[in-house]
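Dear colleague,

Please find below the structure that I am handing over to you, with its sequence. My notes on it follow, and I would be glad if you read them beside the coordinates.

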Amino acid sequence: MKTAAFGSIFSLCLILPLQADLTIVQKIEGSGQAGEMTVKIKGDKARIDGSPNVTTIIDGKTGEMTNLMNDRKAVVRISAEKMKAAAEMVGKFNAKNEPAAKGKLTPTGKKEVIGGYETEQYVYESPNVKATYWVAPKYPDGAAILKQLQSLNPEMWKANNLGLPDYREFPGLPIKTTMSMSDNEITTTLVAIKQDPLDDAEFSVPKDFREIKLPEIDVAHEQKEKKPAAATSSPTP
């Protein structure tokens, strides 16, 4: 669910009334779950609350992901390097041990009014993802909102992704997204956007949380294991 939700969050490089804090509330439906996800952005940091028990904080400058397990008062930190290593391990399940192929964002020509805003429909398909986006080109301050949301897609994560579209490809603010991955389908719909100031403390680990260390991922060992498989696999067309 979290991956699909990330895929529905958007980014673009245009003019920005800079450093205004941002709070986005989205309705999440599908895969047997329903509820709301709140995304808060302040500077280079983003906070994602998708459930009462788990909060994710992303540092767009370093690429580090911090997961707060609120019910257990525990924190797990994942560095950008570990994120890359984990993505490489997931890539082993790809039949050809190749990075996920990128698809193309294509307009369908269909238009629909959603939440009072005129939208244009786009579809996107890659080997791993099928998605439909309803984009609102005239959403108020849409370009500024898209710019701030770049913090959710740090550059250091892009080498190994799931073939999702680059946020810069969107011609406006996506206010509704339906995404299918494997047998799961998630629909996210924009509920509200606010630009009220946010407290720095919301992007920090509470002092009474204990840290849980993750096992180290041996990237060099994983790369060695891949070499024999690559030699016997079919050539890329």
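In β11, glutamate 185 is the bridge partner of serine 180, where strands are DSSP runs of E with at least two residues, helices are runs of H or I with at least four, both being numbered from the N terminus, and two strands pair if DSSP finds at least two bridges between them. This is a predicted model, in which local features need pLDDT of at least 70 and side-chain atom pairs count only at pLDDT 80 or more, whereas totals for chains, interfaces and linings use all residues. Residues are numbered from 1 along each chain as its sequence is written, and side-chain values use heavy atoms, with hydrogens and water left out.

β10 and β11 run antiparallel and are joined by six bridges, and in their hairpin, which has two residues between the strands, serine 182 takes a positive phi near 60°. β10 also pairs with β9 in the antiparallel sense, over seven bridges, and there threonine 178 of β10 is the bridge partner of threonine 132.

Two aromatic pairs were found, counting rings of Phe, Tyr and Trp (its six-membered ring) whose centres lie within 6.5 Å, with planes under 30 degrees apart called stacked, over 60 edge-to-face and the rest tilted. Tyrosine 117 and tyrosine 139 form a tilted pair, at 4.6 Å centre to centre and with 40° between the planes. This pair links distant parts of the chain, 22 residues apart, since tyrosine 117 is in strand β8 (residues 117–125) and tyrosine 139 in the loop between β9 (130–136) and α3 (142–148). Tyrosine 117 counts as partly exposed at 30% relative accessibility, whereas tyrosine 139 is buried at 13%. Tyrosine 133 and phenylalanine 170 form an edge-to-face pair, at 4.7 Å centre to centre and with 65° between the planes. Here, too, distant parts of the chain are linked, 37 residues apart, with tyrosine 133 in strand β9 and phenylalanine 170 in the loop between α3 and β10 (173–181). Tyrosine 133 is buried at 0% relative accessibility, and phenylalanine 170 is buried at 2%.

For the chain as a whole, the secondary structure comes to four helices and 12 strands, and buried residues make up 39% of the 237 residues.

Methods. Buried means under 20% relative accessible area, exposed over 50%, partly exposed in between (1.4 Å probe, protein chains only).
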